[in-house]
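The following exercises are to be worked with the sequence and the three-dimensional structure at hand. Each task is followed by a solution in steps.

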Amino acid sequence: MKIIRLLLILVGAGFLAWLTYNHFFPNEEKRIRKMLTNLASAASIPEKKNPLGAFSAISKVQDCFETNVEIKVESRFEGFKGNISGREELMEFVKLAWARYSNVKVEFLDITVTIDPSNDSATAMLTTKVTKTGERDFLFQEFEVKLLKHEGDWRIAQMTPMKVLH
Amino acid sequence: MTVSNSTETKVPLWQRIVIGRRPVVTLIRMVILVVLIVGIYQFVLIPVRITGISMEPTCHDRHVGLVNRLSYYSHEPERSDIVAIKTTGVRIMYLKRIIGLPGETLSISNGVVHINGEPLSEPYVVYKMPWNLPPIPLASNEYFVIGDNRGMPQEQHDFGRAYRNQIVGKKL
């Protein structure tokens, strides 16, 4: 009985140690997922906007992208058709969105991450869902996201829409 | 020899109603039930809420339904099946009807679908506009899917070829 109890304690302690290690030293895939989740959160626009919150969110969004980022957006996003080239243009777009909209929730769903063998680039497939809070209807678009690692941080270099029905 | 169940009589009525005569057995039953329900809704039947009008009048906007993931376990998808097609996962899916099967050539002329040059009878299509689509050959792993609502502008309607491995299941 004592041996079983000891074994149970050891298994529990091992599990806790594994959880702690993963929390403080996540693998690259988890880091990318966390970055994308944080980006979705920062890209969401609350109902009650304030200049400080806007500044903080916009700078968080900026930190997630390469300076020469390329984003293609298809016509399903009405009014957002076209390409965004470079972080400066993206920031103008984000500022405009903050000025024009409120109560917008952005989510990245069904994320699949593939790390390249070099370990400094990766590809993520995800579905972007944009909802106006309180409304049932939403916009969505599937994206292929290319990421690069610079000084330990993952940043988005390219976002290209995917066509599920081709 | 007679056996009397002394514990049965000692269990208060409220306890028998709430957690049963034998709480451990009740707990095991609950766990099995929860595992079964979660398993069924995770791996067999996916509850879906329809958003959009592309499947009108068969499926209405904001209605709920179920998609059976095991429908195509024993046989391949068939023409006129309403299927769920995954995007990058199953959190958001397309709900469309199969009109073209692998190996066929499909075209649309003035709103009439042609399969290998023959017009396709589509009793489920009520609203129709003169859509046009040049002939599209389907590969051995491709199905052509489209919504029932052809009364909307063609460019606003998501339709096209889907790979077999993108088809999640059939709508019940």
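**Exercise 1. Domains and overall form of chain B**

What distance separates the centres of domain 1 of chain B and domain 2 of chain B, taken over C-alpha atoms?

*Solution.* The model is a predicted one.
Step 1. The domain assignment divides chain B into domain 1, residues 6–42, and domain 2, residues 50–171.
Step 2. The centres of these two domains of chain B, computed over C-alpha atoms, are 45 Å apart.
Step 3. The C-alpha trace of chain B extends about 85 × 30 × 30 Å along its principal axes.
Step 4. Chain B has a radius of gyration of 25 Å, whereas the globule rule gives 16 Å for 172 residues; the computed value is well over this, so the chain is more spread out than a compact globule.
Step 5. As for burial, 25% of the 172 residues of chain B count as buried.

**Exercise 2. Secondary structure and helix H3 of chain B**

*Solution.* 
Step 1. Chain B contains 3 helices and 11 strands. Read from the N terminus, the order is α-α-α-β-β-β-β-β-β-β-β-β-β-β.
Step 2. Helix H3 of chain B covers residues 23–44, 22 residues in number. From first to last C-alpha H3(B) reaches 30 Å, close to the 32 Å expected at 1.5 Å a residue.
Step 3. A residue is buried if 20 or more other C-beta atoms lie within 10 Å of its own.

**Exercise 3. An open sheet in chain B**

Determine the strand order of the open sheet of 4 strands in chain B, and explain why two of its strands have one side without a neighbour in the sheet.

*Solution.* 
Step 1. The order is S7-S6-S5-S8 in chain B, and the pairing is antiparallel.
Step 2. S7 (118–119) and S8 (133–137) of chain B are the edge strands; each has a single partner strand, so one side of each has no neighbour in the sheet.
Step 3. Strand S5 of chain B, residues 105–109, runs antiparallel to S8(B) and is joined to it by 3 bridges. Opposite B:Leu106 stands B:Ile136 of S8(B).

**Exercise 4. Backbone geometry in loops**

*Solution.* 
Step 1. Most residues other than glycine have a negative phi, and most peptide bonds are trans.
Step 2. The bond from B:Glu56 to B:Pro57 is cis, its omega being near 0 degrees. B:Pro57 belongs to the loop between S1 (45–49) and S2 (64–68) of chain B.
Step 3. A:Asn119 has a positive phi near 70 degrees and sits in the loop between S3 and S4 of chain A. A:Asn119 counts as exposed because 9 C-beta neighbours lie inside 10 Å.
Step 4. B:Asn110 has a positive phi of about 50 degrees and is placed in the loop between S5 and S6 (112–115) of chain B. B:Asn110 counts as exposed because 9 C-beta neighbours lie inside 10 Å.

**Exercise 5. The contact between the chains**

How many residues of chain A are in contact with chain B, and which strand of chain A supplies the largest share?

*Solution.* 
Step 1. The contact involves 15 residues of chain A and 16 residues of chain B.
Step 2. On the side of chain A that touches chain B, strands S3 (104–115), S4 (121–132) and S5 (138–150) of chain A each supply at least two residues. The largest share, 4 residues, comes from S4(A).
Step 3. By class, this side of chain A comprises 7 nonpolar, 3 polar and 5 charged residues.

Conventions. Residues numbered from 1 in each chain as written. Chains lettered and ligands numbered in written order. Predicted model: local features only at pLDDT ≥ 70, side-chain atom pairs only at ≥ 80, totals over all residues. Domains from an automatic or database assignment. Pairing = 2+ DSSP bridges. Expected span 1.5 Å × (residues − 1). Contact = placed C-beta atoms within 7 Å. Nonpolar A, V, L, I, M, F, W, Y, C, P; charged D, E, K, R; others polar. Buried ≥ 20, exposed ≤ 12 C-beta atoms within 10 Å, placed from the backbone. Rg over C-alpha atoms; globule rule 2.2 N^0.38 Å.
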